[in-house]
Amino acid sequence: MRIGTSNSTKILDSACVNEYKIPLIVMMENAVLSAFKHMDIENNQRYVIVSGVGNNGGDGLGLARQLTAHGKEVEVFIVGKIEKMSECSKINYNILKAMNIPTNIVDEENLEYLKCSVKKSDIVVDCIFGTGLEREIKGIFYNVIDIINQNKNKTYSIDVPSGINATNGDVLGICIDADKTISFEFYKRGFLKYDVKQYIGEVIVEHIGIPEYILEKYDDREYITNLDLVKNNIKEKNKFSFKSDFGKVALFAGSRGFTGAAYISTQSAVKCGSGLTTLVCEKYVQDILSTKLCEAMTLDIQNKEKVKKLISECDAIGFGCGMGDTEDTYTKLKYVLENSKCPVVIDADGLNCLKNKKDLLEKHPNRIIITPHLGEMARLTGYSISHIRDNKVDVAKEFAQKYKTIVLLKGYETVITDGNYTYINPTGNSSMANGGMGDTLLGIITSFAGQGMTNLMSAVCGAYIHGYIGENLSKDLYTVNASDVIAQIPFVMKEFVK
Ligand SMILES: NC(=O)C1=CN([C@@H]2O[C@H](COP(=O)(O)OP(=O)(O)OC[C@H]3O[C@@H](n4cnc5c(N)ncnc54)[C@H](OP(=O)(O)O)[C@@H]3O)[C@@H](O)[C@H]2O)[C@@H](O)CC1
Ligand SMILES: [K+]
């Protein structure tokens, strides 16, 4: 699914109209018909359409016609100056007048009447503002939105709940509290903002007849990951394959009190299908884990010669889980990066130790994947956590471009980007918010990178599968732990294999 802003909608609109000669009224009617499918006409009879005078309003006027044609009781309210009505809205307005479908122009005098109609309706369809909302909402527009929110039974918003800035999610004074939002072509970027989730209800993204190749040409390269993309990246195991075909990976993890992190990240890589997995750790961690890890090998990190040989031959390396935020961790990371050529996935203390030494990232462009949570990203960038949360896509992209890394910024709707292409992960839930989950994710991503997926796709597919497993398990489990996820990895990979 594509993510877009007000600007992307404008650019797409003008390309369709000017370059591909699709008249706007054709796209508007497609929008009307697409939205109509989601009006739940089987269970509802009374509709109130509230339209502005821009094209979002035009969508509403078209919907009023379609709903009437299907035998529904429809009342239309228009808010704004009729003389400013957009060309396509006017076409739909004139059709309504010719068909004797009653329309009310909202003013101070009939607000009470609007209130009664909203109260009596099954569904209010909000078509006041869409992507064209530009400034703070005041006066009669404010009152209308307030009346809808206070008196509605249900509200369905067309394209954007009126009052929300589609680009950044700011609420411009007031906004419709939608039960459902039917958006066109793009999941609006503003909907990613955490504070806005409470207003958008269920979001459906509908097509309005624009061919795929035009969308591809004009999209912003920002997407919500879908299952097909993940499936396309998980390949059937060829019957003639050897373990060497599935990647040799090493995990640098663990310290005293944090042996679990080493176990979890290593075992995740094993279960994900890596051909050969080695945990590289301090001797005391090795002594604890070498009996627990049956399939993976272990190596004492002080055995310099063997470590050097291993990392020079590895297909991917995971680094950082439970290692401690120390100078020693930084020295080890530097050594790993300088003596290997493969992708390196860095998490947790591997990131914390970089906070004042990001030049190490610059020295190794195009091979590092970092997987910070908000706190780790704050330490790395110097931005506050709230700034990162509200601007997560921009912050992740900026960092990825500057340091030429893949950034996987964890949180509600994890962001994954190489600075050019960006994916938002839709899977996972709060049942997974417990220790060890990040270690699992690192193991999965390292394994995928070692098996030959691109670094970006390793992170995208890793995040998707990790969240997918957690979400499924949470139907039966109150808390989903890392070991629950690890056990499910091979089953889900089998389910996803093409
Ligand atoms: N390709 C697609 O995706 C297609 C999209 N389509 C639809 O078009 C929608 C975009 O339409 P749009 O560009 O006409 O903007 P829209 O949201 O109706 O708002 C503009 C109006 O609001 C007004 N206004 C703004 N802020 C205000 C404020 N604070 N307070 C008061 N007034 C304010 C502004 O007035 P002005 O600023 O000119 O004074 C103007 O009158 C899009 O969301 C989708 O639903 C389809 O129909 C076709 C294909
Ligand atoms: K709207």
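## Close-up views of a predicted model

**Threonine 414 touches Leu408, Leu409, Asn425 and Ala463, leaving out residues up to four places away in sequence.** Contact here requires that the C-beta atoms of two residues, placed from the backbone, lie within 7 Å. This is a predicted model, in which local features need pLDDT of at least 70 and side-chain atom pairs count only at pLDDT 80 or more, whereas totals for chains, interfaces and linings use all residues. Residues are numbered from 1 along each chain as its sequence is written, while chains are lettered from A and ligands numbered from 1 in the order in which they are written. Threonine 414 is situated in the loop between strand 17 and strand 18, and it is buried, because 27 other C-beta atoms lie within 10 Å (20 or more such atoms within 10 Å make a residue buried, 12 or fewer make it exposed, and counts in between make it partly exposed, with C-beta atoms placed from the backbone).

**Lysine 410 occupies the loop between strand 17 (406–409) and strand 18 (415–417).** Helices (H or I, at least four residues) and strands (E, at least two) are DSSP runs numbered from the N terminus. Lysine 410 is buried, since 23 other C-beta atoms lie within 10 Å, and, apart from neighbours within four places in sequence, it is in contact with Thr371, Pro372, His373 and Gly438. In an unreviewed entry, UniProt lists Lys410, Gly411, Tyr412, Glu413, Thr414 and Gly438 under "binding site"; such positions follow the numbering used here, feature names are shortened, and annotations may be inferred rather than shown by experiment.

**The UniProt annotation "binding site" (unreviewed entry) also covers Asn56, Asp126 and Ser162.** These residues are spread over 107 residues of sequence but cluster in space, with a largest C-alpha distance of 9.5 Å. Asparagine 56 is placed in helix 3 and counts as buried because it has 27 C-beta neighbours inside 10 Å; beyond four places in sequence, it touches Cys127, Ile128, Phe129, Gly130, Gly132, Ile158 and Asp159. Serine 162 is found in the loop between strand 6 (155–158) and strand 7 (180–184), and counts as buried because it has 29 C-beta neighbours inside 10 Å. Its contacts, again not counting residues up to four places away in sequence, include Asp126, Ile128, Phe129 and Leu133.

**Of the 34 residues around ligand 1, Gly54, Asn55, Asn56, Gly130 and Gly132 come nearest.** The elements that give two or more residues to this shell are helix 1 (6–19), helix 2 (24–36) and helix 3 (55–69), and helix 3 supplies the largest share, five residues. A residue is near the ligand if its C-beta atom, placed from the backbone, lies within 6 Å of it. The shell divides into 14 nonpolar, twelve polar and eight charged residues (Ala, Val, Leu, Ile, Met, Phe, Trp, Tyr, Cys and Pro count as nonpolar, Asp, Glu, Lys and Arg as charged, and the others, Gly among them, as polar).

**In the largest nonpolar core, of 147 residues, Ile49, Val50, Val144 and Ile317 touch the most other members.** Such a core is a set of buried Ala, Val, Leu, Ile, Met, Phe, Trp, Tyr and Cys residues joined through C-beta atoms within 7 Å. Its largest share, ten residues, comes from helix 20 (residues 455–473), and it draws at least three residues from each of domain 1 (3–220) and domain 2 (227–496), whose bounds come from an automatic or database domain assignment.
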